[in-house]
Each structure stands twice: as structure tokens, then as C-alpha cells.
Amino acid sequence: MILVVGAGLVAAVAGAGWCTGLRINMTASYPRGLWRIETLDRAAAAGDLVFICPPETAEFERAFARGYIRRGLCAGGLSPLIKTVAAVSGQQVDVAEQVSIDGYPLTGSDVRHTDAAGRPLLAFAGGVIPDGELYLHSDFAGSYDSRYFGPIPSSGVLGLARPVFTFGP
């Protein structure tokens, strides 16, 4: 009986946290720990740190299969990403050995040609970010971000990502 009550209490706390926008980040792209999704009542802008649901594409299913992202409650059953908006609609993104936006190098954007397991990574070809899309980035060297999957729809933005209790790099 105590076990059932304890499990119910844990489920209630987890449900309350979920409903208030609390999420746990266990990836290395940003510090691990407890984060909150804050309402964003404007269009996402360059420099915003956001929670965003990835689109339902073969690229993101492949990312899941390789272990880059986890299952979650976004469409397609994937977990939201925490990323910084590096470029918005109309901006020019050039990808070579590192990324440049409108001619300016993006800090921490070296492009890798293989992942940690030695599997090939294909870089985004670059170009002008289409209307309604965002180019996302994390300066963590092993981050799976728009360097590889390109821009994604801004309609997936859940809100701003704010750390509550985090640890690590």
C-alpha cells in the first residue's frame, strides 16, 4: 500500500511539474537539470534560447535512431530540443568548416564530419532561411543542431527555455 501511495505521489508531482512547464534536460547541449518553458508572446528572435519541437521528418527519425534525441510528447513522439535561435527568416547562413550568418562567424560552430560513434554527418548546405523557419544552434561541440538538420519551422517553438536548477557544462 505504501508503494502505491508513493508512486501516486511521484506521479502527481511529475504531472504538476509538466503542467507548469517544467522539463528535465539530460542532454549535453545545455546544462543538465530542471528547466522551465516560459511563454513567448512574440516571434522568436536571434539570441533566444527556446524549447522547440522538431518536425516529423525522416531526418529526425534517423536522429532518434542514432540516439541524438529522445522520445517525448512532441508530434511524431519526439522530445523537444533546447537550442539558441542563431538566425531567422531572411538571414543568410553559410556552412563550411564553421557557420557564418550574414557574413559573421558563429561562435562554437565548427562542423563535424562524423559523430562520436564515427558515423558520417552531413552538413546543411546553407542558404537564406525561409519564411517561418529558424536556424538553431548550441555551442556544445557535439550538439545536433541546424548545422546538420538545417532550419526548422518556428511553429514548433514551445516557449523560452529558462534554467531552474542545472548542473554540469
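In which sense does strand E3 pair with E11, and over how many bridges? The pairing of strand E3 (residues 49-52) with E11 is antiparallel and runs over 3 bridges. A quick word on terms: strands (E, at least two residues) are DSSP runs numbered from the N terminus, and two of them pair if DSSP finds at least two bridges between them.

Keep in mind that this is a predicted model, where local features need pLDDT of at least 70, side-chain atom pairs count only at pLDDT 80 or more, and totals for chains, interfaces and linings use all residues. Residues are numbered from 1 along each chain as its sequence is written, and side-chain values use heavy atoms, with hydrogens and water left out.

E11 also pairs with E2: 7 bridges link strand E2 (residues 32-38) to strand E11 (residues 157-167), again antiparallel. Here are some facing residues:

| Residue | Opposite residue in E11 |
|---|---|
| Trp-35 | Pro-163 |
| Glu-38 | Leu-160 |
| Ile-52 | Val-157 |

Zooming out, there's an open sheet of 7 strands with antiparallel pairing, in the order E1-E2-E11-E3-E4-E9-E10. At its edges sit strand E1 (22-25) and strand E10 (152-153), each pairing on one side only.

How far can you trust it? pLDDT, the predictor's confidence in each residue from 0 to 100, averages 89 over the chain, and 89% of the residues score at least 70.

Terms used
Helix = DSSP H or I, 4+ residues; strand = E, 2+ residues; numbered from the N terminus.
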